[in-house]
Amino acid sequence: MKRALKLVASVLVTLLFTWWAFRETDWRAQWASLRSANYLYVVPYFGILTLIHICRTVRWGCLLSGIQKVPFRPLNEASGIGFMMLLVLPFRLGEFARPFLIAQRSSIRRSAAMTSVVLERITDGLLVATLLRVLLFFIPEETAQVRYVKLGSTLMFAVFGGGLAFLLFARWQHDRAVHLVRITVGRVSPGLAHKMADVVDGFVGAMRQLPGPGQLALFFALTLTYWGLNGAGMALVARAFGCVGVTDAACQPMSLTLFQGYVVMTVLVVGLMIPAAPGMMGTFQAATKVGLGLFLPATVVNASGLAYANVVWLCQTVQQVGFGLLLLSLGHLSFKDIANKLDKEGEASAPMA
């Protein structure tokens with residue numbers, strides 16, 4: 001029943017943001033933009049998405065290297081399938097897919113692998129929130145929309161900064177941190193408190209097995225490369241919607257500079273923190289619309305801008321799901337079997353009635 005309620009709530013959030021994103025859409029102009037777009041730009045964008053996948057996979061291996069140096073093939077298999085499951089599974093069960101899969105392919109414990117995922121998320125969250133605030137300094141006009149985006153970046157920094165502070169506290173005062181989790185979160189959800197306590201335990205153990213300076217430096221270098229490619233890709237795809245050589249007057253040309261591409265990317269990441277149904281549909285388009293609205297007039301945003309958002313969303317979805325399905329096939333694995341095992345783990349950790 002609780003999962004059904006969560007599913008209904010996530011679908012309602014998706015419907016709400018989908019309605020908000022498309023409520024003022026100029027459908028004729030959006031169709032004209034989609035019909036006249038130069039989809040040749042999608043080809044190098046898929047190349048960028050592939051490089052992003054490789055960077056994310058290798059940097060995860062850097063974090064795990066203090067425990068065990070995992071060969072690229074099993075690391076890539078766990079990453080590709082895990083990223084796909086994170087996208088398509090409800091209730092964010094996909095968060096546990098990578099630790100589950102890498103534990104089957106190495107001697108790394110799932111709790112330690114989960115800790116590496118948490119550290120990745122914290123690093124990404126702090127980097128994106130900081131980058132967004134820095135970029136917003138170069139937007140001279142202090143509109144209501146800019147203020148809302150600044151608030152979002154501040155909240156994001158507070159969430160991930162608070163998470164990092166707590167984990168560092170756990171490294172220093174392990175027993176007190178675990179007790180704090182159990183007496184606070186445990187009052188609301190004993191199952192969740194148990195999982196969080198396991199993460200704290202795993203974090204403390206993993207901190208004792210951090211990779212060397214060289215691997216840590218490579219981790220941060222790959223993180224910067226990953227986000228650098230991401231923003232450049234966002235700007236690249238926008239070139240497809242320039243309406244070059246198009247005679248249809250309904251087509252609204254748009255483009256993004258590299259700077260604007262990074263702003264749109266960071267705003268999108270903040271927006272995707274909002275829980276929604278699998279696939280990120282709705283929240284993806286709404287957050288992209290907010291980012292584009294910082295630079296482009298509403299007539300363009302509600303036409304070519306939303307066409308652009310849909311194409312970027314579709315490219316990212318196809319890439320993640322495609323890689324995951326390919327790796328499932330090559331590894332002779334069953335999506336249903338993995339999903340059921342993750343689901344059973346969730347049930348096992350749920351509070352008893």
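Q: Which residues does Met-254 touch, not counting residues up to four places away in sequence?
A: Met-254 touches Ala-238, Phe-241, Gly-242, Leu-292, Leu-296, Val-300, Ser-304, Gly-305 and Tyr-308, where contact means heavy atoms within 4.5 Å. The model is predicted, with local features requiring pLDDT of at least 70 and side-chain atom pairs pLDDT 80 or more, whereas totals for chains, interfaces and linings use all residues. Residues are numbered from 1 along each chain as its sequence is written, and side-chain values use heavy atoms, with hydrogens and water left out.

Q: What makes up the largest nonpolar core, and which residues have the most contacts inside it?
A: The term denotes a set of buried Ala, Val, Leu, Ile, Met, Phe, Trp, Tyr and Cys residues joined through side-chain atoms within 4.5 Å. The largest such core has 56 residues, and those with the most contacts inside it are Met-234, Phe-241, Met-254, Leu-292, Leu-294 and Tyr-308. At least two residues of this core come from each of helix 3 (42-64), helix 6, helix 7 (144-172), helix 10 (213-238), helix 11 (258-271), helix 12 (283-293) and helix 13 (298-330). A second, separate core has 23 residues, including Trp-60, Leu-101, Ile-108 and Leu-327.

Q: Why is Glu-77 called buried?
A: Buried means under 20% relative accessible area, exposed over 50%, and partly exposed in between (1.4 Å probe, protein chains only). Glu-77 has a relative accessibility of 16% and therefore counts as buried. Glu-77 is found in helix 4 (residues 72-88), where helices are DSSP runs (H or I, at least four residues) numbered from the N terminus. Leaving aside residues up to four places away in sequence, Glu-77 touches Arg-105, Leu-327, Gly-331 and Leu-333.

Q: How many salt bridges does a search of the whole structure find?
A: The search finds four salt bridges. Among them, Glu-120 is paired with Arg-98, the closest N and O atoms being 2.8 Å apart. Glu-120 belongs to helix 6 and Arg-98 to helix 5, so this pair ties together parts that are 22 residues apart in sequence. Glu-120 is buried at 4% relative accessibility, and Arg-98 is buried with a relative accessible area of 7%. Another salt bridge is that of Glu-24 and Arg-23 (3.7 Å, N to O). Glu-24 is partly exposed at 47%, and Arg-23 is partly exposed at 38%.

Q: How do you know that the length of helix 6 agrees with its number of residues?
A: The expected span is 1.5 Å times one less than the number of residues. The 27 residues of helix 6 (residues 110-136) should therefore span 39 Å, and the end C-alpha atoms are 39 Å apart, which agrees. Helix 6 is also mostly covered, with 19 of its 27 residues buried. Helix 8 (residues 174-188), with 15 residues, reaches 22 Å from its first C-alpha to its last, close to the 21 Å expected. Buried residues in helix 8 include Ala-177, Val-178, Val-181, Val-185 and Gly-186.

Q: Why is His-332 called exposed?
A: His-332 has a relative accessible area of 75% and is therefore exposed. His-332 is found in the loop between helix 13 and helix 14 and has a positive phi of about 55 degrees although it is not a glycine. Met-280 likewise has a positive phi, near 65 degrees, and is a residue other than glycine. Met-280 lies in the loop between helix 11 and helix 12 and counts as partly exposed at 23% relative accessibility.

Q: Why is Asp-337 called partly exposed?
A: Asp-337 has a relative accessible area of 36%, so it is classed as partly exposed. Asp-337 is found in helix 14 (residues 335-349). Asp-337 and Asn-38 are 299 residues apart in sequence and 40 Å apart in space, C-alpha to C-alpha.

Notes. Salt bridge = Lys/Arg side-chain N within 4 Å of Asp/Glu carboxyl O.
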